[in-house]
Amino acid sequence: MRRKRRRRNRYRLIPLTSFVIFLVCMALGGISEPDTNENVSLNLPSAPDLVRDIAETGLPSEVMAESEAIKEISVESENDTEVFIQNLTDFDIDMAALLKNDSPVELSPKGVQVLIVHTHGSESYTPSPAYQFEYTENDRTLDTRYNVVRIGDELEEILENNGIETLHIRDIFDSPSYSGSYTRSLNAITEAFGENPSIKVVIDLHRDAMIAKDGTKYKVTADIDGRTAAQLMFVTGSSGGGLVHDNWQKNLIFHGKIQQEMNSRYPGIMRPIVVRDSRFNQHVCTGSMLLEVGTSGNTLDEALYSIQLFGEVLSEMLKET
């Protein structure tokens, strides 16, 4: 995979309508560089909760208002049978060519196959009638019944019910200190591999955030069979930041194939894949992924519905390998 000489158009793999939507999402802070809090266009803040690499510093600043409004948007590709990416690296990526390869993941004959972890486990959702709770801090809670750990519980149950042995690390790595959360989750992942060398897939579950300066939250949704689902998004790490990550292209193939299958069954449920310079601990093994399940504007109900659909599709695909 060769590098581009210069960054001319990061969105060349995304159709025009999706390009316009991405500009809006960048302005709202859904996609930003890992370790910056600088504002971008439209005078809106950068993403406070977007995943950060090991070098993150300090707790991200989040803007809150006494009365928060929530606006609903959908970030979709023009053709749900294709896989679109937002390439934030200097690499030339031919997604169509990559997807011609077979899946790079093959399950072990026995033992733990899937590891679920949460680098930012306190990330939570907007309370709903079915799930009422109090934030521990801005859009976060340490109560694992209502944060992304609950999403991991749901995914674990689905995988286990489909005969895929799964280990779920339910520890909170971003509290009391946000800084160093990726280092702590990496240590846990490494320890899990030492005890379970059969692991073939690592899933780091997050939730994204799009929050305007006036406190307005944006939720990403798709209508699936008459129900509202939180949209999902893969963030694919690479070696663009200078750290060793030899298997990032294989991870991207894996993410692309899952995205292709998900969108073919549930059009609109997947946002385009974001490819970043940072590794996000995905260098540990081929089959690693970072999955954003909705935003802080989504409800837990919407996020649970999405992960249920994702879990069933992933189970089928893994058993076919």
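This report describes the confidence, core packing, aromatic pairs and selected local contacts of one predicted protein model.

## Confidence and overall make-up

The mean pLDDT of this predicted model is 82, and 77% of its residues reach 70 or more. Over residues 4-67, however, the pLDDT is below 50, although this stretch still has 166 contacts in the model beyond near neighbours in sequence.

The protein contains 6 helices and 10 strands, and buried residues account for 57% of its 321 residues. When contacts between residues at least 6 apart in sequence are considered, 79% of them join residues at least 24 apart.

## Nonpolar cores

The largest nonpolar core comprises 51 residues, of which Ile-151, Leu-205, Ile-258, Met-262, Val-293 and Phe-310 touch the most other members. Helix 6 (residues 300-320) supplies the largest share of this core, with 11 residues. Setting aside residues up to four places away in sequence, Phe-310 touches Leu-155, Leu-232, Phe-234, Ile-258, Met-262, Met-289 and Leu-291. In soluble globular proteins, nonpolar side chains tend to be buried together.

## Helix 3 and its surroundings

Helix 3 has 14 residues and spans 20 Å from its first C-alpha to its last, which is close to the 20 Å expected at 1.5 Å a residue. Its buried residues are Val-148, Val-149, Ile-151, Gly-152, Glu-154, Leu-155, Ile-158 and Leu-159; Ile-151 also belongs to the largest nonpolar core, and Leu-155 is among the residues touched by Phe-310.

The elements covering the buried residues of helix 3 include strand 3, strand 4 (166-168), strand 5 (201-208), strand 10 (288-295) and helix 6. An α-helix has 3.6 residues a turn, so residues three or four places apart point the same way.

## Aromatic pairs

A search of the whole structure finds 5 aromatic pairs. In one of them, the ring centres of Phe-91 and Trp-248 are 4.9 Å apart and the planes meet at 35°, so the pair is tilted. Because Phe-91 lies in the loop between strand 2 (85-87) and helix 2 (95-98), whereas Trp-248 lies in helix 5 (residues 248-265), the pair ties together parts that are 157 residues apart in sequence. Phe-91 has a relative accessibility of 5% and therefore counts as buried, and Trp-248, at 3% relative accessibility, also counts as buried.

Phe-133 and Tyr-146 form a stacked pair, with 5.0 Å from centre to centre and 10° between the planes. Both residues of this pair lie in the loop between strand 3 (114-117) and helix 3 (148-161), 13 residues apart, and both Phe-133 and Tyr-146 are buried. Ring pairs also bring in Tyr-135, so that Phe-133, Tyr-135 and Tyr-146 are linked into a cluster.

## Other local contacts

Arg-227 lies over the face of Tyr-305, at 3.8 Å from the ring centre.

Thr-299 is located in the loop between strand 10 and helix 6. Its relative accessibility is 13%, and because buried means under 20%, Thr-299 counts as buried. Leaving out residues up to four places away in sequence, Thr-299 touches Tyr-125, Thr-126 and Ser-128.

Notes
Residues are numbered from 1 along each chain as its sequence is written. This is a predicted model: local features need pLDDT of at least 70, side-chain atom pairs count only at pLDDT 80 or more; totals for chains, interfaces and linings use all residues. Side-chain values use heavy atoms; hydrogens and water are left out. A nonpolar core is a set of buried Ala, Val, Leu, Ile, Met, Phe, Trp, Tyr and Cys residues joined through side-chain atoms within 4.5 Å. Buried means under 20% relative accessible area, exposed over 50%, partly exposed in between (1.4 Å probe, protein chains only). Helices (H or I, at least four residues) and strands (E, at least two) are DSSP runs, numbered from the N terminus. Contact means heavy atoms within 4.5 Å. Rings of Phe, Tyr and Trp (its six-membered ring) pair if their centres lie within 6.5 Å; planes under 30 degrees apart count as stacked, over 60 as edge-to-face and the rest as tilted. A charge sits over a ring if NZ of Lys or CZ of Arg is within 6 Å of the ring centre and within 35 degrees of the ring normal. pLDDT is the predictor's confidence in each residue, from 0 to 100. The expected span of a helix is 1.5 Å times one less than its number of residues.
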